[in-house]
Amino acid sequence: MSVKHLPKGSPFPPLTPGMMRMYNMQFCPFAQRTKLVLEYKEIPHEVVNVNLKYKPDWFRARNPLGLVPTLELGDIVVNESNVCNEFLDELYPNRKLIPSDIVRRARDRMLIETFGQVTGLFYEIPKSVAEGTQERPVKKWRRHMKRYENELQQRGEYFGGGSPCMVDFALWPWFERLGVITVIAPETDVTSEEYPHLSTWIARMMELPAVKKTYINPRGHINFFKTLREGNPDYDYVAA
Ligand SMILES: N[C@@H](CCC(=O)N[C@@H](CS)C(=O)NCC(=O)O)C(=O)O
């Protein structure tokens, strides 16, 4: 079985009138952020998987930066994962994920924005291990993990308290991919001894239907990272 990602030259898949479309790449953590929100809010949608190395012209026409996720609904096109997610939360107000309280909203935004420093470590740490210079990035990783551990301790079961909020879905894709860096740098593991709240949160997130629907096992993620680093990303791979 494989998941076909449409390359340059593929015909444009006709739009279904009134249906939200998401341009996706199955291993992209940013796209997963948006897929999680679509699933959690049970928004009817269709997914078009795109080959990001050989991009179809119709995809570039919709997003000049050529990035997934991109959403399309009628004549509306939205990209950037956090912007897509805010758009979805406002368009479909059921199961609200962004708090109406402005202070809480600012705090949530800070947690999402500063997580950009963690996502970068997914590339920096493997590179530094290969060069024997991992001490600094691993230290940085642990400092950030501690920050999210402390935040979760104050907030409860999820970053949203008793139910998930946007922070939970914005962070989750990288926790699903933990195996990609723990296999290279075991010191990055989120153990229950060191991070009791974060590790319980990981287990709790895994039970959410939206997470189960978008989940790819560590073998799939590791294969993707490996082929990406080799310069020949295996977009269509399905890990059994
Ligand atoms: N800041 C963007 C990042 C999205 C992104 O980097 N997506 C990657 C795939 S994981 C992509 O589309 N890469 C295609 C390219 O760089 O040409 C977001 O949050 O949506």
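Tutor: E46 counts as buried because its relative accessibility is 17%; buried means under 20% relative accessible area, exposed over 50%, and partly exposed in between (1.4 Å probe, protein chains only). Keep in mind that this is a predicted model: local features need pLDDT of at least 70, side-chain atom pairs count only at pLDDT 80 or more, and totals for chains, interfaces and linings use all residues. Residues are numbered from 1 along each chain as its sequence is written, and side-chain values use heavy atoms, with hydrogens and water left out.

Student: Where does E46 sit, and which residues is E46 in contact with?

Tutor: E46 belongs to strand β2, residues 45-49; helices (H or I, at least four residues) and strands (E, at least two) are DSSP runs, numbered from the N terminus. Contact means heavy atoms within 4.5 Å. Setting aside neighbours within four places in sequence, E46 touches P14, L15, T16, M19, M20, R21 and M22. With T16 there is also a side-chain to side-chain polar contact at 2.7 Å. A polar contact is a pair of N or O atoms within 3.5 Å; within protein, one must be able to donate a hydrogen and the other to accept it, and residues adjacent in sequence count only if both atoms are side-chain atoms.

Student: How do I read burial along a helix?

Tutor: Look at which positions are covered. In α3 (residues 81-91), the buried ones are S81, C84, N85, L88 and D89. Seen down the axis of α3, they fall within an arc of 130°, so they line one face of the helix; the arc is that of the directions from the helix axis to the C-beta atoms. Their cover includes β1 (20-24), α1 (29-40), β3 (70-73), β4 (76-79) and α7 (166-176).

Student: And how many residues of α7 are buried?

Tutor: 11 of the 11, so α7 is largely enclosed by the rest of the structure. Among them are W172, P173 and W174.

Student: What about the ligand?

Tutor: Check what surrounds the ligand: the residues include C28, F30, L52, G66 and S81, where near means a heavy atom within 4 Å. Then look for polar atoms. A polar side-chain atom of K55 is 2.4 Å from a ligand oxygen atom, and a polar side-chain atom of E80 is 2.8 Å from a ligand nitrogen atom. V68 instead has a backbone N or O atom 2.9 Å from an oxygen atom of the ligand.
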